[in-house]
Amino acid sequence: MSETTTAPERPVTVEADETKPGFIGVSVPRKEDKRLVQGEGVFVDDVKRHAMAYVHFARSPYAHAAITSIDVSKAMELEGVYGTLIGEEVAAQTDAFFQIAPPPGGHVRDYALAVGRVRHVGEPVVAVAAATRELARDAADLVEVEYEPLTPVVDMERAADPGMPVLHDEVGSNVIWNGQFDYGDFDAALAEADKVVKIDRLHFHRFSSTPLETSGALVEYNRGTGQWTIQSNNQFPGFAVIMMAPALRVGIDKLRFVSQDIGGGFGNKICTHVQLVALCLLARKLRRPVNWTEWRTDQHTANSHGNERVFLDVEVPVKADGTMLGFRARMIDDCGAYTRYEPLGCIIWAQVTPGAYRWRNVRVDFTQVCTNKSPCGPNRGYSRMQHLWFTERVIDIVAHELDLDPVEIRKRNYIRADEMPYETPNGCIYDSGDYARCLDEALKLVDYANIEERRRDAEARGKLFGVGIGSTLDSGTNNFGQSTLVNPELQFSGNNEVATVKLDIFGEIVVTIGTTPQGQGHETTAAQVVADMLGVTPDDVNVRAGHDSYWNSHAGFSGTYASQFAVTGLGAVKGATEMLVDQIKRIGAAVLGADSTDDVFLEGGFVKRKDNPEAALPFMACGAIVNANNAVLPMEARDITLNCRYVYVPPHQLPDKERKYGNLTLTYATQIHACVVEVDPETGEYEIIDYGAVDDCGVRINPQIVEGQVHGATAQALGAATHEVFTYDEEGNLLTPNFYDYHVPHALDMPPLKTGYIESPSPFTPLGAKGMGEGGGAGLSAVCSALQDALKARGGAIVWDSCNPPHRVWEMLQNPEQSRANVRVENM
Amino acid sequence: MKVQGDRSFAAPRESVWQVLNDPAQMANLMPGVESFDIHDERRWTANVKISLGLGSLGLKIDFEKTDERQPEFARLHAKGSGIGAILNMDTQFALAEQGDGTTMHWEADVHIAGPVGSMGQRVLQPIVNQQVQNVLNALDRQVAAAQTPR
């Protein structure tokens, strides 16, 4: 991968002359990297226990079938097989998982193993535990399951049709959720418009992220206490325990979640509670620890996929000058066979209802259906990525149809920097940002000033040349109150995260965080924040690696997901450190004889008197006094513990359930990408020859970590845009279940990637920072946009799908009329 | 996946019918049959090995004749399982007299699940077509042999 980091010419901070002493904003080396590059990380599969069993899941070969019998006797005959678990046992020992959806969608009965019926290829049916991983796998092949095949539901757009087979009889249809969203006055917008652009259908495809480490866990059961210790790579233990504890009929205190290093999450590792419950039951049944590591094909086949979505009957009222007044659309979302985090995706898109645009009139009919495919769930950019791709397609198609310049129409419709904080039609507050400036920076990165000259050069070589733009708003720090907009009976709202910061007996500064880092560098950025506040260096700050819910650094929403660590995690770290600073100052003032804490300051690991810095008390002495010699303290200082726990709670409000209105998330990082392609008109093969990605996530705590996230998100987007797709046949067989058919881009697949940034600090967060890292969707849009520009010279096809491998480009070249028939313009 | 076709035989309908309805002769029709067990006149089991190019697929297939109208029509259901694949097939044929010979219209609805199924129709269709062709060619030979005076 070739790369160039480009700093904008203008100052990166809003306050141009401000200097930032300390470590925030500095690319200090990541504290985690030494152990990781030396192979000394501890991932879930590195943890072993005496006499532990290895678990393999026998999985459904059918997309839809009734289970008529299960016979595990042949598997049990193998020496070294410890035991099995089947659906009937699960149904007897657990309750079905809690459902987020209201009835009837909420009537789905979802268990840790299939009970009576399988609903997607790869669904776990029997768990087999044995002395070795290979033996467990072989034994699983000996499990005999009789199936009675049922007709599968594969086409999401027909799933709700009368007469279609129903996946969940209790639901009564395949519709999980339906809701109307009506903001502004769309009818008035139509009346005001000069033209209406109509688009029959746009399609966002099904794909997923590919963490290096697949899901896994080591589960132990303590018969004496009735507690399970779950060493896993689940990335959202706060959610997992809410799902698992009621199912297992225990309190959440019985579920101890532990992780150290996690090899990528991307949302895939949020919904592993299903497998974890099976492991809990097996550990209890077999009286031994059980280990499960997901095979890669199983990860592709049956882990959480990203949602497929179609946008139908789209209408966009437009003024003669290119001002767009809003949109109307019917959206159908496919959540796969089970609702494990769904139907939250039915509301999460609304965090970014108008995208980056000043569109005030929006009417959406949103339906989520289930199909006989792998269950869907959060996937980097969850639900917003689909919607933001839609908004970017809309603006490019409108530009194309009305012959408007794609840059100009964006700038005409972008929300302006001087309008920030900006309230969207549905009550979300975009905290800060300058989209037009980000676009200018992105265009500079791809030398847009000379783009026509480059187009002529490419055309002289027989290539079609296109330049495209894509944007995403990476909304972060969820307000879980949005869940009440899909189910008013839910009792969730707000968000929280925990950190403890303490000064120990020999002066050690020890930080514990409630998050479950998966490679985002939390140890480093937490140390940077603490170091600046305590007047030490990040090397002096020991951030405990990983997560353990027994550390008391665990709250209801603990975890790493939804772009929030820079706000929630570091907000908690900042809050705890402020408490510690105050306590250290109180000790210092007392020991140094200062009148108040205002008369001392922290520097270099000492508390010092302001009027006489020579009078200094080392942190080590503070730690020793409070922890081991506290009788020397005056009585009024005996409440000091130097062990400070802080729960950061963002300033969320309850949304209005009736109007589906309110601020659904706290921050909005911006990504604007520009992409340049050359297309071979004979074959449809194309190459991304230039690429610029500009990110604005407010104050960057560690620019190098931000840069890494931008690279990763962009790679994910380009893979999805060009070839990654989960394709099912009419039987519900997944045709792309492994790396042979599902190609994840590697370094050599990546185009020259240039990155830039601006910083628009958030006025709402403790550090001015915003969550970031989920902005890859901009790449999906940018590739589509560039391809459409390139195809303009050969029939003007309309790019209607989010995934465009060469064969699809070739089809658009061969038959541009087919896609063009999808779009029309009506004069009002 | 659904496959169908027509075939003509230079033999009377009764001869063709007998070949198609004799499990032992059916065994000779199927490519890759390693063993064959007849349970009764309606049910039999075949262990077959089907070449898949890169390897072969072992399947134990249970057949059951679900409908017949001698000498013109029969329907069979086949259910097979093996490592990596589960097969479900409904097949039927109709025989009609045409002069001294016989024409056969046949249909099969083949469902393959499991990892082999994930290869998809694009890969499996030619394999199924090849297998069908092998069966039909063997049927030609069997019918011809049945016609030959012994």
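The model is predicted: local features need pLDDT of at least 70, side-chain atom pairs count only at pLDDT 80 or more, and totals for chains, interfaces and linings use all residues. Residues are numbered from 1 along each chain as its sequence is written, with chains lettered from A and ligands numbered from 1 in the order in which they are written.

**Domains of chain A.** Colour chain A by domain: domain 1 is 44-150 + 215-293, domain 2 is 179-208 + 304-481 + 655-823, and domain 3 is 496-545 + 561-648. These bounds come from an automatic or database domain assignment. Now select domains 1 and 3 of chain A. Their C-alpha centres lie 41 Å apart. Domain 1 gives 11 residues to the contact and domain 3 gives 6. Here, contact puts C-beta atoms, placed from the backbone, within 7 Å.

**C438(A).** Next, select helix α12 of chain A, residues 435-445, which holds C438(A). Helices are DSSP runs of H or I, at least four residues, and strands are runs of E, at least two, numbered from the N terminus. Is C438(A) buried or exposed? C438(A) is buried, because 28 other C-beta atoms lie within 10 Å; the cut-off for buried is 20 or more. Show its contacts beyond four places in sequence: T670(A), I672(A), V694(A), D696(A) and I758(A). Then pick L402(A). The C-alpha atoms of L402(A) and C438(A) are 25 Å apart.

**Chains A and B.** Finally, show both chains. Each side of the contact is made of 10 residues, from chain B and from chain A. On chain B, strands β6 (85-98) and β7 (101-113) each give two or more residues.

Conventions. A residue is buried if 20 or more other C-beta atoms lie within 10 Å of its own, exposed if 12 or fewer, and partly exposed in between; C-beta atoms are placed from the backbone. Two residues are in contact if their C-beta atoms, placed from the backbone, lie within 7 Å.
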